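Open the model in your viewer, keep the selection panel handy, and follow along stop by stop.

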Amino acid sequence: VIKCKAAVAWEAGKPLSIEEVEVAPPKAHEVRIKIIATAVCHTDAYTLSGADPEGCFPVILGHEGAGIVESVGEGVTKVKKGDTVIPLYIPQCGECKFCKNPKTNLCQKIRITQGKGVMPDGTSRFTCKGKQIYHFMGTSTFSEYTVVADISVAKIDAAAPLDKVCLLGCGISTGYGAAVNTAKVEPGSTCAVFGLGGVGLAVIMGCKIAGASRIIGIDINKDKYAKAKEFGATECISPQDSKKSIQEVLVEMTDGGVDYSFECIGNVGVMRSALEACHKGWGVSVIVGVAAAGQEISTRPFQLVTGRTWKGTAFGGWKSVDNVPKLVTEYMSKKIKIDEFVTHMLPFDKINEAFELMHSGK
């Protein structure tokens, strides 16, 4: 058993608490990882807020991390002690019907136990002050050591800087893949990206790499425009600058609508705007943001009858074990950006400040 520091969420709506936790050794088909770097994501904040119906407490949150394999359980063959890895919240078992289908990346092998905050055998590897602590998204990267299923880990280039590539655990991969895998953005096309946070910037990067000729960034926070342009946005607009709806503004700007639109916020009203900003006959709108539980989307069916397509994406459509190492290689060869996404570097015990920076849009 390893004793180490972790940021524990004891209950919903309260700040994280840095505690000493015990991390049990990995059982069969499990891997224990020393986490070197972790990032914070709105999904962590969503569960911490208490709004997540799958949220269990007390829990160790975090799902964007990178580290070194400390030990492996019986039967583990894909990784060994000392390997550099990224934990995966969407695993890839290679055996379920989802993994065998090229149309999806949504491996279901450990979905039920992962959603309940436990390992595949139904138990936790974390204890603190005599209490069992739940796992989160199968990763729990807000701990100096974590245990994950062996299908939930990608072995990556040992030379990769872990304080950068940890971002490939969720946000950058999700946005980039939404453009290149889910929408399949074509050269010369016109795109609109709603929400210019980390995921939105990654979508812009993907659209640019795919050869889009016009990329319109949309956000009410104008402080984000300069960064969006650095990533490839050709122009940025705010919905608050016009009396007309944002979809009307976009349709006028683009002679009938955009070829591709992306909602990167998790707001069901914006999801409708993004669809209706698409061009009749061929426009495709991708939902990337995760809306709160119980919310529903709506539009007039005529929008779809007249040739628009509404799609969604999870982790950018990447088959995780296969593709995360390739994304690391793309970063190392400078095809994709990561360094430019990093705004602040904080020590682990300042993790609550990191959430404050995220909520303030900084």
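Before the first selection, one cut-off to keep in mind: a residue is called buried when its relative accessible area is under 20%, exposed when that area is over 50%, and partly exposed in between. Please also bear in mind that this is a predicted model.

**Stop 1: the two domains**

Start by colouring the chain by its domain assignment: domain 1 covers 2–169 + 319–360, and domain 2 covers 174–313. Where the domains meet, eleven residues of domain 1 and 13 residues of domain 2 take part in the contact. About 940 Å² is buried between domain 1 and domain 2, with carbon and sulfur atoms giving 69% of that area.

Now select Lys337, Glu340 and Phe341. These residues supply 49% of what domain 1 buries against domain 2, more than any other three residues. Keep Lys337 and Phe341 displayed for the next stop.

**Stop 2**

Is Phe231 buried or exposed? Phe231 is buried, and Phe341 is buried as well. A search of the whole structure turns up four aromatic pairs, and Phe231 with Phe341 forms a tilted one, with 4.6 Å from centre to centre and 55° between the planes.

**Stop 3: another aromatic pair**

Move on to Phe142 and Phe355. A pair of aromatic rings is described by the distance of the centres and the angle of the planes. For Phe142 and Phe355, the centres are 6.0 Å apart and the planes stand at 85°, so this pair is edge-to-face. Phe142 lies in the loop between β8 (131–133) and β9 (145–149), and Phe355 lies in helix α12 (residues 351–359), so the pair ties together parts 213 residues apart in sequence. Phe142 has a relative accessible area of 0% and is buried; Phe355, at 6%, counts as buried too.

**Stop 4**

In soluble globular proteins, nonpolar side chains tend to be buried together. Here the largest nonpolar core has 81 residues, and those with the most contacts inside it are Leu16, Ile86, Val165, Leu168, Val185, Cys207 and Phe262. With your domain colours still on, you can see that this core draws at least three residues from each of domain 1 and domain 2. There is also a second, separate core of 13 residues, which includes Phe194, Ile246, Ala274 and Cys278.

Centre the view on Val185. What is in contact with Val185, leaving aside its neighbours within four places in sequence? The contacts are Ala179, Cys191, Cys207, Ala210, Ala212, Tyr260 and Phe262.

**Stop 5: a buried lysine**

Select Lys164, in helix α4 (residues 162–165). At 16% relative accessibility, Lys164 counts as buried. Not counting residues up to four places away in sequence, Lys164 touches Tyr331, Ile338, Asp339, Val342 and Met345.

**Stop 6: backbone details**

Switch to a backbone view for the last stop. Most residues other than glycine have a negative phi, and most peptide bonds are trans.

- Phe57 and Pro58 are joined by a cis peptide bond, with omega about -5°. Pro58 is in the loop between α1 (42–49) and β4 (59–60).
- Asp255 has a positive phi, near 55°. Find Asp255 in the loop between α8 (246–253) and β14 (260–263), where its 68% relative accessibility counts as exposed.
- Lys334 has a positive phi of about 65°, although it is not a glycine. Lys334 lies in the loop between α11 and α12 and, at 74% relative accessibility, counts as exposed.

Technical notes
Residues numbered from 1 in each chain as written. Predicted model: local features only at pLDDT ≥ 70, side-chain atom pairs only at ≥ 80, totals over all residues. Heavy atoms only, no water. Core = buried A, V, L, I, M, F, W, Y, C linked by side-chain atoms within 4.5 Å. Buried < 20%, exposed > 50% of the residue type's maximum accessible area, 1.4 Å probe, protein only. Domains from an automatic or database assignment. Contact = heavy atoms within 4.5 Å. Phe/Tyr/Trp six-rings, centres within 6.5 Å; stacked < 30°, edge-to-face > 60°. Helix = DSSP H or I, 4+ residues; strand = E, 2+ residues; numbered from the N terminus. Buried area = accessible area lost by both parts, 1.4 Å probe.
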